[in-house]
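This report describes selected features of one protein model and of the ligand held in it. Please keep the sequence and the coordinates at hand while reading.

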Amino acid sequence: MANADTIAATATAPGRGGIGVLRVSGPRVPAIAEAMLGACPRPRHATLGDFRDADDRLIDQGLALYFPAPHSYTGEDVLELQGHGGVAVQRLLLARALALGARLAEPGEFTKRAFLAGKLDLAQAEAVADLIDAASAQAARSAARSLEGEFSRRVDALVAGLVEARMYLEATLDFPEEELEGHAASRTRADVAALLGQVRDVERAASAGRLLREGLRVVLAGQPNVGKSSLLNRLAGDEVAIVTALPGTTRDPIRETLSLEGIPLHVTDTAGLRETTDAVERIGVEKAWGALAKADVVLLVLDAREGRRVADRAVLARVPAGVPVVEVHNKIDLGCEAARVPGEEGASAVFVSALTGEGMDDLKRAVLALAGRVPSTEGAFMARERHVRALARARTHLEGAGEPGLGPELVAEELRLAQEALNTITGAFGADDLLGEIFSRFCIGK
Ligand SMILES: Nc1nc2c(ncn2[C@@H]2O[C@H](COP(=O)(O)OP(=O)(O)OP(=O)(O)O)[C@@H](O)[C@H]2O)c(=O)[nH]1
Ligand SMILES: [Mg+2]
């Protein structure tokens with residue numbers, strides 16, 4: 001799977017910096033190294049050298065690292081030139097490599113080559129991008145765990161279990177002797193039950209990882225003037241939204257991303273949900289319903305003095321099924337802490353004051369509890385929507401395989417489909433379009 005062309009890119013972020021790294025990978029690396037440095041550096045040793053242009057003028061001086069194939073990140077010959085991190089210097093170094101026959105690397109192309117060379121599987125390759133993008137220490141730790149292969153090992157173990165169960169089952173299909181059948185069926189049932197338990201465990205850990213990566217969409221909704229915008233400001237610790245005593249202040253949805261214990265919360269403040277003749281406000285209300293439909297968690301804000309009203313029940317009725325709701329009774333500072341009623345139908349209720357900040361910790365705890373943080377994000381490995389969906393697909397097929405009364409051929413087919421779903425995670429049978437999609441989101445030089 002050797003690539004004929006040689007790729008080059010500046011691997012460090014553009015702009016001023018102490019160090020800037022040019023990275024080159026492919027068969028022309030030895031020739032490029034010789035032309036730029038005068039000689040190919042000793043493999044895997046840091047060599048101080050002069051980086052020169054076509055007229056033998058000095059571009060920069062720095063460390064050169066040469067990794068001959070196959071012992072490199074991409075599995076190809078790789079050269080890294082660590083020069084000074086100036087825009088002009090890096091541009092000259094890159095231009096020189098391009099003039100010597102390299103072409104500009106596409107985003108993620110180095111990692112794609114590493115994947116194609118079998119240095120990383122797909123889940124690990126994605127973890128490279130996630131580690132780079134990680135916005136919190138927890139997210140970085142879980143991406144590092146995935147990169148190191150923990151997620152892939154769990155998936156591989158599942159696949160191995162599936163292969164074994166399939167082999168056993170398919171062998172018995174070939175020898176359908178009467179007395180074997182009862183035993184075979186019960187063994188397969190036990191296999192499927194065990195695999196189902198494992199896939200659920202991995203799915204839980206992956207969901208927690210996805211949460212760290214993608215965060216949670218939290219929508220503040222409720223009647224006008226109950227203090228939705230004040231709550232957003234309190235959560236953000238900043239005057240993000242306009243607050244006035246006039247009902248109908250907020251029109252456009254206002255989005256703000258905050259971090260809660262490392263989990264990104266994408267909080268949307270919306271227009272108070274009421275019937276109105278004001279054309280602008282009406283559009284705002286429409287947008288509020290739209291935001292509500294896409295929420296992962298809804299914070300239904302109420303005025304604690306009045307509690308849940310008929311209009312709030314109408315809002316609850318329109319929250320999509322399965323989306324958790326927290327009833328946030330606001331303005332408790334106004335001394336009307338009547339009854340601290342529990343939430344409607346299992347919704348949790350918290351009592352806060354956006355004005356004084358009282359109860360805000362309860363609110364944060366309630367959101368985190370709903371985020372499914374319960375089994376702690378500590379053990380999570382970085383995962384993406386794609387992975388969680390593949391795991392869910394595998395689980396569904398395993399559940400199908402466990403259906404009582406299903407013929408052995410159909411059980412075998414469900415197991416095959418479960419394995420296929422899992423294979424898409426590590427890329428054992430990755431389709432080309434999937435690869436293009438994944439690697440195009442990387443930064444250039446990685
Ligand atoms: N005493 C008290 N007043 C509050 C509290 N929270 C909000 N307010 C006041 O209630 C009024 C409305 O607050 P907003 O945050 O604008 O309410 P909203 O729900 O965003 O209103 P709309 O955007 O019109 O739907 C303002 O006068 C706030 O100062 C609170 O906890 N205590
Ligand atoms: Mg508002």
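The model is predicted: local features need pLDDT of at least 70, side-chain atom pairs count only at pLDDT 80 or more, and totals for chains, interfaces and linings use all residues. Residues are numbered from 1 along each chain as its sequence is written, chains are lettered from A and ligands numbered from 1 in the order in which they are written, and side-chain values use heavy atoms, with hydrogens and water left out.

**Ligand site**

Around ligand 1 there are 23 residues, of which K228, S230, G248, T250 and D333 come nearest; a residue counts as near if one of its heavy atoms lies within 4 Å. The shell consists of 9 nonpolar, 11 polar and 3 charged residues. In this scheme Ala, Val, Leu, Ile, Met, Phe, Trp, Tyr, Cys and Pro are nonpolar, Asp, Glu, Lys and Arg are charged, and the others, Gly among them, are polar. Helix α8 (residues 228-236) gives the most to this shell, with 3 residues. Helices (H or I, at least four residues) and strands (E, at least two) are DSSP runs, numbered from the N terminus.

The table lists polar contacts, that is, pairs of N or O atoms within 3.5 Å; within protein, one atom must be able to donate a hydrogen and the other to accept it, and residues adjacent in sequence count only if both atoms are side-chain atoms.

| Residue and atom | Distance to an oxygen atom of ligand 1 |
|---|---|
| N225, backbone N or O atom | 3.0 Å |
| S230, polar side-chain atom | 2.5 Å |
| K331, side-chain N or O atom | 3.0 Å |

Taken alone, ligand 1 exposes 650 Å², and the protein buries 89% of that. Accessible areas come from the Shrake-Rupley method with a 1.4 Å probe; for residues, only the protein chains shown count as cover.

**Helix pairs**

Helix α8 also packs against helix α11 (residues 360-370), at an angle of about 85° and with the axes 12 Å apart. Axes are lines fitted to C-alpha atoms, for helices over the stretch in contact, and angles run from 0 to 180 degrees between N-to-C directions. L231, R234 and L235 in α8 meet M360, L363 and K364 in α11, where contact means heavy atoms within 4.5 Å. These contact residues divide into 4 nonpolar, no polar and 2 charged.

The axes of helix α4 (residues 122-133) and helix α13 (residues 408-426) come within 5 Å and cross at roughly 40°. L122, A123 and E126 of α4 make the contact with T424, I425 and T426 of α13.

**Backbone features**

A cis peptide bond, with omega about 0°, joins A69 and P70. P70 lies in the loop between β4 (58-67) and β5 (78-85). E261, although not a glycine, has a positive phi of about 50°. The loop between β8 (254-260) and β9 (263-269) contains E261.
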